[in-house]
Amino acid sequence: MKLKFFSHHLFFLALLLCTSAALAQRGKISGKITDAETKEPLTGVNILLKGTAQGAVSDVNGNYVILGIQPGHYTLIARMIGYQAEQVTDIAVNIDRTTAINVALHASSVQMNAVIVQAQQPVIVKDRTSTSTTFEGRDVQTAPVEGLRDVMDLTASLQRNPNGTYSVRGSGAYEINFMINGVEQMNSNTGIPGFSAIGDKANNSWKYDFNPLSVQQMELVTGGFSAEYGNAQAGVVKVVTKEGGAKLTGQFRYEYRPPGQYHWGDYIYNTNSVEWQKWGTLDGWKANLDSNTIKRTYLQADTATMSVDAWRKLMWQQWLLNHTPSDNNLLGVYDYRQYAYQRVLFSFGGPLGKDSDLLRFFIAGEYRSNPTRIPTVEKIQTYQNYNITATYQPVATQKIRFTGLYQSYRGGLSSGSDDIRWAGYDASYKYYLVTDSPRDEYTTTQSIDWTYTINQESFLDVLATHQFEKYLLLEMPVPQRAASWRDNVYNGVWYQSAGPWDEGYRTIFSFTTFNQQDLRDHQFNLNVDYANQFTASHYVKMGLRATYWDMINSAVYSSFAANAFITRSGYAEYYKAYPYYLAAYAQDKMEFEGMVANVGVRVDGYNFNTAAPIDRFAPFYFAEGFNPDERQTFFGNPITTMPKTFFTVSPRLGLSFPIGEATAFRLQYGHFTSMPIFKQAYTRTNELGWATYGNPDLGPKTTINYELGVQHSFAGTHRLDVVAYYNDRVSQVDVLHIKALSGDTRKNEFYTTYDNNQFGASRGIEVTLEKIARGAFTYRFSYSLSRTTYGNYGPQYIYSADPNDPRNYQNPYAPTDYLSYDDRTHTFRSLVTYSTEKNGGMSFFGIKPFSDMTISMIYTAQSGSPYTYVPDYDPLIQAYKDGRVINNRRFPLEAKTDLNIDKSLMVFGFEMQLGIRIMNLFDNRWLTPLDGGTDALRIWANYGITEDNPIFETPGTPFSSANVYKFNFFRAYRNIPRQVFITVGTNF
């Protein structure tokens, strides 16, 4: 306790004493000042970024550099006595990039207005040493996207997984370092409450959907990244938000999508469905209710007061009531088509006080109300994010920035993704929605930043951050099963009990609830960075990182006694943990005429800092309910030990070789490591013994990345980027089963844990063509050809700690690798935009209806996911049965087109914004992948028949036994049909 108290106060002290800005989110401008006539370098020229306090003075060689610039567009002013001043406008500064601006001043003895020139964006990015994509805030606002997650989809090497998480070049789902102003957005809880081993909850990346009006710039790094970024194997997403300007400005948007059905197939509660056709009429009820059921149920009633027909009618009426959507249906059945999508976004900022350079602020927010695609207990998912930034610069060398961020999401445990597989609970629950608890998840972040410009060539950044994450699954009232059928009839029980009329749908349980969870996590971060432009060719960065978590988790699944250690029939878990993570890096960006090199090294260390059994074959489990005869009074070993601290050293090397102004080659090599996710270290699920027990001694996951690329300029207006890569993933994490007498009796005294027993690899080629030059048309095309494989090594089951125990070798993993389930051979992404200026566009009778308009279109296409299937007559059938044939086929291509039209116009002196966003314009359908080994997969593979086709039940057909369409007809296609969003707003 004393250590915990000291740790807390140490971090709060750091928060008070240390203030900083995120060095890793800045760019720089450098160049040379010369005499326009003599071409000689000019010394002592004053260079200033207009509207800021940042600037420089040219040295004896005419060179200058301005470090630590917030990404955006700037005007640079160069002045010197005896020369005419020059302004260079529209200079683009990008995250972690060097913008070269050379200025030639003209001698003049008379004071004249400054010469104004517009900066030209270079086609070739000479200091690009890995694959990355940059989006400006304007791009994010005008593209047909909802939030930043959709922007990430524009890169061919990123794949959105069914539950909403992301993979990069075949990586795992949690291998992206997503940062907003240098603060990493993390999810402490990713699994199913009380039973994390079975999978993830839906929509784990909801924090990535940040307000587009807040975004200044966004960069996606999908190749190797420099040493200043860590705890990720695959990619980095860097988001920089806006700061207040010298004038008060603002934006407001309201977006609306009409109510409707947003899945394919019939309305789920339509009366043409199987159950309604069979049981929806009294005649049907009488015809299908067999005599045995009548005997079992009616005879328990008072036959003197109720006839069989009266009893049938009563039960049928109750069935109608329970199966008919309404606002007061006690089983939760409602008309999900009646809810509209609504979204409000706003932002405004500017100076505070008379001195516009002293204190500035920026505030933005978003509220989104999104009906679920299929019926769920929460009905409407709500997402909110609000952020405030205040900057204070009392002197040119000191800048303080405070940032506050609030993000929240209310949805369902198993709903929230655009993929129908994660759009709601199991389809057989459609008439019984109240079992699934809604989830409330929110995060608050506070950061204090300080930038100290030591001199023109160096500055110090320190970033202190506190995040609080709270995750709640609320207990829901669940109906209790009646004591008898007689109670249903005479005591007014409000639901219809189980019977043959349920057609296989889930019926009423006597559970208290299905899910409950309370997870709270404090996260403290301290980043210290120092940058120094030692010479014109060497830009050195060094930094330290420290993160400490204080988390507590209590969760249950299925029937439980609240706060009890042992469940009655379900699963429960409880843990406290205080992990910490440390890192240090050093890197040198060397910029020469014919070469740019990013050379660095990073050291990472972590400890999960929670007690674990000293003997994993006998984890302590003492609780009531043990059967001494069966368990032999064996409760395990109560002695625990603390886990190891792991350290890794990761070298990073990136080289770029510019050849003139038209071509640049690049090479990249690096080691990238990440901590295992928390559920793999901490999960402790009990069910008549341990079902799952996490492993806090998991080692770091590592990827070794190789990349070779080339950029080439066409006609000075277009850039072609081609890259080939290979990622070798080692020491990845997968499950392991351990024999223990205190293990789950339902699993023959085995419990599940995790181990570094998986490997994988990705190789591929990416081609990107984009127009760089300004103009009405801009476009970007991205294509990826790739292959991702995975495999495991070592045993699947371990019986004892004895390395010579032969049982440990009975169940080894196959010594080979397989095509990954997430592999997409071909991926294509395109974004095409057409814009007109104010008073531009075609004219009709003196009116220009298309002026100040932007039309943007996205087209995407990707290979379907792979699956395993071998027909009975295939010669590979034995290999298939032996598990040596995996993912030998692929589902159909997935393609769609999205469109956005944005129009500005002046109304009574106000600038109004009108827009229409159409998603999936041509109603393309993506087949929902079918589970292997099922009748549905066999029928689709052999006959091309999907789950929405009632031919399954046609007598005499080879698929008459496959009745999955009763539940899953609306899940035949996983994506969303056409959606139309209308936007109105204003700018000021």
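How many salt bridges does the structure hold? The structure holds 50 salt bridges, a salt bridge being a side-chain nitrogen of Lys or Arg within 4 Å of a carboxyl oxygen of Asp or Glu. The points below begin with the model itself and return to these pairs later.

1. Basis of the model. This is a predicted model, in which local features need pLDDT of at least 70 and side-chain atom pairs count only at pLDDT 80 or more, while totals for chains, interfaces and linings use all residues. Residues are numbered from 1 along each chain as its sequence is written, and side-chain values use heavy atoms, with hydrogens and water left out.

2. Confidence. The term pLDDT denotes the predictor's confidence in each residue, from 0 to 100. The chain averages a pLDDT of 84, and 86% of the residues score at least 70. Over residues 1–22 the pLDDT stays under 50, and the model has 41 contacts for them beyond four places in sequence; contact means heavy atoms within 4.5 Å. Residues 560–569 also have a pLDDT that stays under 50, with 25 contacts beyond four places in sequence.

3. Helices (H or I, at least four residues) and strands (E, at least two) are DSSP runs, numbered from the N terminus. Two strands pair if DSSP finds at least two bridges between them. Five strands form an open sheet in the order 10-15-16-13-14, with mixed pairing. Strand 10 (132–136) and strand 14 (183–184) stand at the edges with a single partner strand each, so one side of each is left without a neighbour in the sheet. Within the sheet, strand 13 and strand 16 (residues 235–241) pair in the parallel sense over five bridges; Ile176 stands opposite Gly235 in strand 16.

4. The largest nonpolar core. A nonpolar core is a set of buried Ala, Val, Leu, Ile, Met, Phe, Trp, Tyr and Cys residues joined through side-chain atoms within 4.5 Å. Buried means under 20% relative accessible area, exposed over 50%, and partly exposed in between (1.4 Å probe, protein chains only). The largest such core has 25 residues, of which Leu148, Met152, Phe178, Met218, Val237 and Val239 touch the most other members. Two or more residues of this core come from each of helix 3 (148–152), strand 12, strand 13, strand 15 (215–221) and strand 16. Leaving out residues up to four places away in sequence, Phe178 touches Leu148, Met152, Val183, Glu184, Gln185, Tyr208, Val237 and Val239. Another core, of 24 residues, lies apart from the largest one and has Leu289, Met315, Trp319 and Ala423 among its members.

5. A buried loop residue. Thr222 has its place in the loop between strand 15 and strand 16. Thr222 counts as buried because its relative accessibility is 3%.

6. Individual salt bridges. Lys701 forms a salt bridge with Glu175, the closest N and O atoms being 2.7 Å apart. Lys701 lies in strand 35 (residues 701–714) and Glu175 in the loop between strand 12 (166–168) and strand 13 (176–180), so the pair ties together parts that are 526 residues apart in sequence. Both Lys701 and Glu175 are buried. The side chains of Arg410 and Asp440 also meet in a salt bridge (2.7 Å, N to O). This pair links distant parts of the chain, with Arg410 in strand 21 (residues 398–412) and Asp440 in strand 22 (residues 438–455), 30 residues apart. Arg410 is partly exposed, with a relative accessible area of 29%, and Asp440 is partly exposed at 22%.

7. Strand 35 and its partners. Strand 35, which holds Lys701, is joined to strand 32 (residues 663–674) by 12 bridges, and the two run antiparallel. Ala664 stands opposite Gln711 in strand 35. A further 13 bridges join strand 35 to strand 36 (residues 718–744), again antiparallel; the bridge partner of Ile704 in strand 36 is Asp728. The hairpin of strand 35 and strand 36 has three residues between the strands, and Ala715 takes a positive phi near 60 degrees there.

8. Helix 12. The buried residues of helix 12 (residues 935–943) are Ala936, Leu937, Ile939 and Trp940. Seen down the helix axis, these buried residues fall within an arc of 165 degrees, so they line one face of the helix; the arc is that of the directions from the helix axis to the C-beta atoms. What covers them includes strand 43 (866–867). Gly944, whose phi is positive, near 70 degrees, follows helix 12.
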